[in-house]
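Biologist: Before I plan anything around this protein, could we go through the model together, one feature at a time?

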Amino acid sequence: MATEFKLPELGENIESADIINVLVKAGAVIEKEQSIIEIETDKATIEVPSNVSGKVTEVLVKQGDSVKVGQTIIKVDEGGKVEVSKTETKAEAKAETKIKKEENVVKEKIQSVPGEIVEFKVPDLGENIESADVINVLVKKGDTISKDQGVIEIETDKATIEVPSSVEGKIIEVKVKTGDKVKVGDVLIKVESTSVAPTEEMKSDEMKEKKEESAKEDTSEQIFKDHDGEVEEMKPGERDHQPAILRGSAPAAPSVRRIARELGVDINKVPGSGEGGRISMDDVKTYVKKRMQGKDDSVGLGIKKETLPDFSKYGKVERIGMSKIREKTATHLSYAWAVTPHVTQFDKADITQFEKSRKELNIQVEKEGGKLTVTAILIKIIAEGLEKFPQFNTSIDMDKKKVIYKKYFNIGVAVDTDYGLLVPVIKNADKKNLVEISVELGQLAQKSRDKKLSLEEMRGGCFTITNLGGIGGTYFTPIVNTPEVAILGISRGNFEPVYNKERSFEPRLMLPLSLSYDHRIIDGADAIRFLRWVCEALEEPLKIFM
């Protein structure tokens with residue numbers, strides 16, 4: 001009996017799709033996971049893979065057709081009877097053969113010499129990062145590379161990264177070019193290895209594990225067949241044996257995932273109410289409502305999204321795509337502004353004496369390769385301040401109604417670059433002296449501008465400092481870098497007439513400071529106490545030790 005392969009479920013509220021390409025024909029022999037048709041919904045273009053293998057006896061659709069979920073696409077003859085009683089034996093025998101082949105491969109590798117062809121693939125790029133754009137290829141065919149040598153330069157939605165090689169040898173093929181989009185696991189280059197293969201044999205228990213896994217896989221291939229060798233038809237909506245169209249993704253349609261991203265929601269945290277935990281648009285909305293304390297809209301805070309007008313009606317326009325970093329910055333700051341009730345507190349610090357001391361000490365710091373800046377000194381002051389005012393070193397878990405108090409002190413510093421704003425983090429600032437902080441800050445700032453900053457160097461921040469004093473301005477309202485709860489803005493210092501104790505005016509160098517904070521955890525009185533403490537630490541540094 002022939003198996004009917006039907007169009008699987010495509011996502012919440014998607015009932016049909018247009019066929020833009022039929023990838024098989026009658027008489028073709030297909031394998032499981034092989035793409036059958038290419039379809040287009042109103043949300044995405046998808047290749048639909050088969051969940052059966054065998055010979056195609058009939059193709060029931062053609063290019064241009066509109067098909068519904070559950071409609072038969074092709075009929076497949078899987079050929080021959082399979083007795084269930086023999087399934088386990090055959091699967092085990094097949095697994096044995098597979099393991100023996102793998103053992104032989106291991107033995108061959110043990111005896112191998114330099115010259116093996118190795119594929120270097122895109123490594124794991126970090127949490128929730130599945131792809132990146134290639135902005136520069138640093139090697140070419142025929143080059144000899146060493147371990148940790150940069151191979152390509154990529155741009156994700158969080159940073160620009162130089163990907164180092166994990167192999168060494170001669171490049172025989174480069175598989176990517178500038179402008180390509182690559183996914184984690186994609187092959188970048190093929191290298192003729194110059195390093196000797198491992199000399200340690202695979203452990204027997206690992207072989208046993210592989211055998212069990214292989215047998216399990218092969219057994220699962222038979223579950224479609226009944227005692228008479230006939231194949232049961234899959235009913236619409238039965239997704240247990242239907243291969244995932246998008247591997248590793250949450251059980252949600254592309255449109256649902258996109259909306260979740262736009263709202264700054266981790267789709268994997270949204271509880272699904274559909275069959276098998278499938279996440280619908282309503283599930284995302286419910287989740288956001290909960291987080292927004294009852295308010296729901298795609299823009300946040302109940303504000304209705306407005307459609308942009310046609311600007312070309314009024315004159316010439318040019319549309320330029322956002323860089324990944326700019327796109328991520330826009331999304332993250334929109335989310336931060338929507339979920340964090342911001343308040344900004346302003347104050348001024350008298351840094352007249354501070355500036356004299358800073359310039360004197362800077363001579364010593366420059367000998368060590370750093371530069372003693374106002375930002376570097378404030379990193380140290382803020383690290384001490386977070387210990388004294390622990391509510392500023394927290395994050396809020398609204399789902400569990402918990403406040404997370406951090407026992408480490410990592411300070412992020414906003415760096416202005418030609419391609420967007422980056423925030424490298426000085427780790428364990430409380431344990432470093434001013435010279436160490438100054439040197440590290442200079443190195444991280446340079447790496448940011450040279451597109452050499454790694455993702456790890458931008459993670460783990462507790463508090464952010466942003467300094468616009470080198471450009472100008474007096475005060476501004478920086479946006480809290482969620483999930484942090486506060487950020488300090490520094491503006492340009494200026495001489496101002498200050499009324500002193502002798503009842504006369506004198507010129508003093510005053511530094512404007514702007515502290516934005518999350519009012520859910522920080523009260524106004526706490527905020528001004530913290531900011532006043534920072535000002536006094538700049539005016540009288542000995543106070544931070546009291």
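**Helix 6 and other features**

Modeller: This is a predicted model, and in it helix 6, which covers residues 352-367, bends by about 30° at leucine 361.

Biologist: Which elements cover the buried residues of helix 6?

Modeller: The buried residues in helix 6 are Thr352, Phe354, Glu355, Arg358, Asn362 and Val365. What covers them includes strand 17 (342-350), helix 7 (374-388), helix 8 (434-449), strand 27 (505-518) and helix 9 (524-539).

Biologist: Which residue with a positive phi follows helix 6?

Modeller: Helix 6 runs over residues 352-367. The residue that follows the helix with a positive phi, near 95°, is glycine 369.

Biologist: Is valine 317 buried, partly exposed or exposed?

Modeller: Valine 317 sits in the loop that lies between helix 4 (281-291) and helix 5 (324-339), and together with Leu308 and Phe311 it makes a nonpolar surface patch of about 310 Å². Buried means under 20% relative accessible area and exposed means over 50%. Because its relative accessibility is 44%, valine 317 counts as partly exposed.

Biologist: In strand 8, what is the bridge partner of glutamate 4?

Modeller: An open sheet is formed by 4 strands in the order 1-8-6-3, with antiparallel pairing, and its edge strands, each pairing on one side only, are strand 1 (3-6) and strand 3 (29-30). Strand 1 is joined to strand 8 (residues 72-77) by 4 bridges, and the two run antiparallel. In strand 8, the bridge partner of glutamate 4 is lysine 75.

How values were computed
Residues are numbered from 1 along each chain as its sequence is written. This is a predicted model: local features need pLDDT of at least 70, side-chain atom pairs count only at pLDDT 80 or more; totals for chains, interfaces and linings use all residues. Side-chain values use heavy atoms; hydrogens and water are left out. Patches are made of residues with over 30% relative accessible area and no salt bridge: like charges are joined within 9 Å, nonpolar side chains (Val, Leu, Ile, Met, Phe, Trp, Tyr) within 5 Å. Accessible areas come from the Shrake-Rupley method with a 1.4 Å probe; for residues, only the protein chains shown count as cover. A salt bridge is a side-chain nitrogen of Lys or Arg within 4 Å of a carboxyl oxygen of Asp or Glu. Buried means under 20% relative accessible area, exposed over 50%, partly exposed in between (1.4 Å probe, protein chains only). Two strands pair if DSSP finds at least two bridges between them. The bend at a residue is the angle between axes fitted to the seven residues ending there and the seven starting there. Contact means heavy atoms within 4.5 Å.
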